[in-house]
Amino acid sequence: MPALEADATFGFDPYAIAAAHLSPAARAALGRLQQTLESSIRPLLAEAWETATMPPEVLDALIPLDLMRPEGVDAAEAASSMYSGFRNYVLARTDVSIATLYNAQSGLFRTAIALGGSPAQAAELDPRVRSFDLRGVFALTEPEHGSDIAGGLATTARREGDAWVIDGRKKWIGGAAASDVLVVFARDVDDHAVKAFLVPTDATGVRLEAIGGKVALRPMQNAVITLDGVRVTEAERLENVNGWRDVARILRAMRSDVAWIAAGLQAGALDATVRYVRERHQFDRPIGGFQLVQEKLARMLGNTVASLALVVQLSARQDQGEYADENSALAKLQTARLARETVALGREVLGGNGILLEHDVARFFADAEAVYSYEGTHEINALIVGRALTGASAFA
């Protein structure tokens, strides 16, 4: 028997990192999540990828688990970066679109309200967010502005009495079509400060168009959103977003989510590759016994464990109250870079079968490209880290 076996919940974790950083109750909650992923969601994934659709059964299975505050888990741990990180890791180990779908609600939307809303807004809305009674998405990126969104934000908000009128376009907004509200970031035409608004998706002047033709994150439904004279009330403005500094505070808290997803997708690719090499025979023996295959597997495991150790330490610092742009940028940069190598190695090991959905590796191979780019490209994160190292900004 192999000395290293995958844990049912966390995959290959030879240094028992999960056990060292999660309570038994949290591990049990994530174990229930993994069982649901394996029994109810994994069987849907090949068709979801083939058809580029997100089956409604996915959230039907996940919502009852109450993953944002699971039964038996201490409230402080349930709210921690460590627990939410491992939740993303487990989700991404099955599929990155599933992790992105859930994190759109639990990470992006919930964090925007928690940090961007007033205490009263957060207290009122958070229970509805946790239960999915109120579904929402984070609408920041625009068709012509991604990396330069801080200075280039083109969507505008104009105050008219007790209302705001919003005009502009957003792009790549995942899960928008199935949401109730959009957290729309717009520049106030009077003071030029960035503000945030809860815009109902059925409001007059809101139009959503699905983005087709994607080669990654295919089940995740991304949209282009047009806002044409959309009117919202002052009560629908998130009161604690009054400039880019406030948006950056929200983004800083969320960048770690993507690093955890990058680590989790590596765990999933490693799982799938090991399963394959134990079963696949060539030259009358399992290919897992070939030297070159074992070298690739060792590198995949090294990348995965290194990524997990990095994001665990990042979350530990964040749970102590230390949120540094350069720390989260470094974690996203490094885990996404390693993810590219890890999935490429897995695809190499599977040969031609590595591009078939039935063996799972193909999904992770394609999705690593999306993770490499979203929530801050490699280059932008490198400049954040470089600025911290040298004290000199290289941003144009």
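**Helix 12 against helix 14**

I started with the handedness here: helix 12 crosses helix 14 in a left-handed sense. I'm reading all this off a predicted model.

Which residues of helix 12 and helix 14 meet? From helix 12 I noted Asp325, Glu326, Ala329, Leu330, Lys332, Leu333 and Arg337. Facing them from helix 14 I found His378, Asn381, Ala382, Ile384, Val385 and Ala388. Sorted by class, I get seven nonpolar, two polar and four charged residues for this contact.

**Helix 7 against helix 10**

I then moved to helix 7 (residues 96-116) and helix 10 (residues 244-279), which pack at about 165° with axes 10 Å apart. That angle makes helix 7 roughly antiparallel to helix 10. I logged the crossing of helix 7 and helix 10 as right-handed.

What does helix 7 bring to the contact with helix 10? I listed Val96, Ala99, Asn103, Gly107, Leu108, Thr111, Ala112, Leu115 and Gly116. On the helix 10 side I wrote down Arg249, Ile250, Ala253, Met254, Asp257, Ile261 and Leu265. By class, I have ten nonpolar, four polar and two charged residues where helix 7 meets helix 10.

**Side by side**

My summary for the two pairs: left-handed for helix 12 with helix 14, right-handed for helix 7 with helix 10.

Methods:
Residues numbered from 1 in each chain as written. Predicted model: local features only at pLDDT ≥ 70, side-chain atom pairs only at ≥ 80, totals over all residues. Heavy atoms only, no water. Axes fitted to C-alpha atoms, helices over the stretch in contact; angles between N-to-C directions. Helix = DSSP H or I, 4+ residues; strand = E, 2+ residues; numbered from the N terminus. Parallel < 35°, antiparallel > 145°, perpendicular 65-115°, else oblique. Left-handed = near helix turned anticlockwise from the far one by under 90°. Contact = heavy atoms within 4.5 Å. Nonpolar A, V, L, I, M, F, W, Y, C, P; charged D, E, K, R; others polar.
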